[in-house]
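Here is a short report on helices, strands, charged pairs and packing. Keep the structure open while reading.

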Amino acid sequence: MTSSASGAAATVQAAAANALAAVAFAGRSADDALARGAASAALRPAIRAVVLGSLRWYWRLDAIAAQLTAGKPLAPPLRALLLVALHQLEYSRNPPEVTVSSAVDAARLLQQPRATGLINALLRRFLRERDALLGLALKDPAAASAHPAWLWQLLRSSWPQHWQQIVAANNEHPPMSLRLDLSRVARADYLAQLAAAGMAAQPLAWLATALVLERPVAVHELPGFDAGCVSVQDAGAQLACALLAVAAGDRVLDACAAPGGKTGALLEAAGGDIELTAVDIDAGRVQRIADNLQRLHRSAHLVTADLREAPSGWSEQRFDRILVDAPCSATGVIRRHPDIRLLRRPTDVSALAPTQQGILERCLNLLKPGGRLLYSTCSVLPAENERIVEAVLASTPRARVLALPEGVTLPPDCLPRPIGMQLLPGNAAQTDGFYYACLTVT
């Protein structure tokens with residue numbers, strides 16, 4: 001390896017350690033931590049890959065690090081550097097000696113020159129004793145599953161027949177799924193455009209708008225992305241349009257709409273003009289909806305409001321269709337956002353329940369009699385899904401469960417629930433984890 005390549009490797013490790021420390025010890029999201037980094041554009045993809053990989057296997061790597069350090073604390077940047085280097089030794093194709101040497105140089109870049117000998121010794125011990133250290137770590141279910149103990153236990157109790165599938169899927173790299181605007185491009189034509197660009201994709205038989213790329217690419221490399229012909233969206237999320245069954249002329253409310261993926265999908269799928277209002281509680285997030293719609297060349301009425309209360313002037317508002325994409329634990333999208341494993345706490349699920357219930361109750365009051373409301377989460381936890389709907393049905397006598405629209409093709413491995421339906425990650429449909437329930441009011 002040349003000195004410049006070695007220097008780049010050390011820079012990647014140091015930047016990844018800083019970002020990992022920000023997530024693990026300061027509670028920042030991975031996206032925020034990575035955005036704060038000052039690395040060159042050329043190194044950012046490598047840094048991101050190392051950070052997300054280290055987060056994906058954090059609970060296993062941390063168990064190994066605890067053995068290596070005999071439980072003695074290290075400064076956060078050094079602890080994170082040790083985890084980053086262990087991840088590369090265990091999960092990358094980099095030559096081990098290069099990873100160790102780069103980690104020593106990275107310690108200097110982190111302004112920890114006195115720790116270079118320690119980092120070198122710990123990593124070399126791992127290489128000598130890898131099988132014994134890993135075997136001992138894997139006796140801990142949290143390390144074996146690479147999930148915090150509380151979440152592993154909750155998944156197992158919630159899904160006794162499926163928890164192993166969920167855990168395995170969460171530890172995989174997610175597929176890159178695309179949503180086509182079929183009003184602008186036919187699927188066969190777009191597949192041909194991808195092939196001409198050297199990209200292969202698999203169409204999903206159960207959803208006409210969805211393609212899955214064989215290999216991820218930068219979004220701006222996608223044919224037609226900047227023109228709004230295609231978007232990146234999981235196929236499970238795309239199912240919301242079919243279940244809501246929006247038609248031309250409908251008045252539609254997209255509640256909790258940011259960043260606007262489903263907003264754009266609803267406008268594309270309507271088959272004509274609709275009057276769509278997209279709401280989110282945060283002005284910055286509403287701007288993200290606006291940015292998304294601008295790329296798609298679509299428009300909607302954007303509102304910043306808290307839907308747990310009636311927005312000003314909405315006393316007489318009634319909608320034909322409402323999508324409630326409720327704030328949740330996001331336990332269905334862990335494979336896309338591995339920082340969730342570190343950022344979520346055991347109390348988060350119960351803490352979110354009043355917000356989920358309040359938004360759903362408010363939105364049912366905004367629905368026209370006989371209209372359709374779709375309650376959706378990207379959670380796999382029943383406490384955020386059918387139990388919330390059950391509670392709202394009990395508190396709202398006018399509300400009723402509604403059958404799925406006729407003609408909707410459900411994805412493989414879709415699981416019926418006491419109310420609604422659940423998609424789990426790692427299924428034959430190649431989706432993340434989503435919950436859906438259709439409701440109406442009399």
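Two strands pair if DSSP finds at least two bridges between them. Helices (H or I, at least four residues) and strands (E, at least two) are DSSP runs, numbered from the N terminus. This is a predicted model, in which local features need pLDDT of at least 70, side-chain atom pairs count only at pLDDT 80 or more, and totals for chains, interfaces and linings use all residues. Residues are numbered from 1 along each chain as its sequence is written, and side-chain values use heavy atoms, with hydrogens and water left out.

**Strands**

Strand β1 pairs with β3 in the antiparallel sense, over 4 bridges. M176 has L213 of β3 as its bridge partner. Strand β2 (residues 201-203) is also antiparallel to β3, with 3 bridges. Here A201 stands opposite L213. A hairpin of 6 residues joins β2 to β3.

In a regular strand the side chains alternate between the two faces of the sheet. Which residues cover the faces of β3 (residues 210-213)? A210 and V212 lie on one side, L211 and L213 on the other, and all are buried. Buried means under 20% relative accessible area, exposed over 50%, and partly exposed in between (1.4 Å probe, protein chains only).

**Helix α6**

Helix α6 covers residues 96-109. The expected span of a helix is 1.5 Å times one less than its number of residues. For the 14 residues of α6 that gives 20 Å, and the end C-alpha atoms are 20 Å apart, which agrees. Its buried residues are V98, T99, V100, S102, A103, V104, A106 and A107. Just after the helix, Q111 has a positive phi of about 60°.

An α-helix has 3.6 residues a turn, so residues three or four places apart point the same way. D105 and R108 are 3 residues apart in α6, so about one helical turn separates them. Their side chains meet in a salt bridge. D105 is partly exposed, at 28% relative accessibility. R108 is partly exposed too, at 45%.

**Salt bridges**

Side chains of opposite charge can pair when their charged atoms come close. The criterion is a side-chain nitrogen of Lys or Arg within 4 Å of a carboxyl oxygen of Asp or Glu. The structure holds 19 salt bridges. Three of them are listed here.

| Pair | N to O distance |
|---|---|
| R79 and D62 | 3.0 Å |
| D105 and R108 | 2.9 Å |
| R179 and E268 | 2.9 Å |

R79 forms a salt bridge with D62. R79 lies in helix α5 (residues 76-91) and D62 in helix α4 (residues 58-68), so the pair ties together parts 17 residues apart in sequence. Both R79 and D62 are buried.

The side chains of R179 and E268 also meet in a salt bridge. This pair links distant parts of the chain: R179 is in strand β1 (residues 176-180), E268 is in helix α13 (residues 261-269), and 89 residues separate them. R179 and E268 are buried. Elsewhere, salt bridges with shared partners join D234, R335, R336 and D432 into one network.

**Nonpolar cores**

In soluble globular proteins, nonpolar side chains tend to be buried together. A nonpolar core is a set of buried Ala, Val, Leu, Ile, Met, Phe, Trp, Tyr and Cys residues joined through side-chain atoms within 4.5 Å. The largest one has 52 residues, among which L155, L266, L374 and Y436 touch the most other members. Helix α12 (residues 235-244) gives the most to this core, with 7 residues.

What does L374 touch? Leaving out residues up to four places away in sequence, its contacts are A240, L243, L244, I322, L323, V324, Y436, A437 and C438. Contact means heavy atoms within 4.5 Å. A second, separate core of 51 residues includes V12, A17, I64 and A143.

**Two contrasting sites**

N170 is in helix α10 (residues 163-170). N170 counts as buried, because its relative accessibility is 0%. Its side chain makes a polar contact with the side chain of H147 at 3.1 Å. A polar contact is a pair of N or O atoms within 3.5 Å; within protein, one must be able to donate a hydrogen and the other to accept it, and residues adjacent in sequence count only if both atoms are side-chain atoms. Beyond four places in sequence, N170 touches R56, H147, L155, I334, R335, R341 and P425.

A195 is in helix α11 (residues 187-196). A195 is exposed, with a relative accessible area of 52%.
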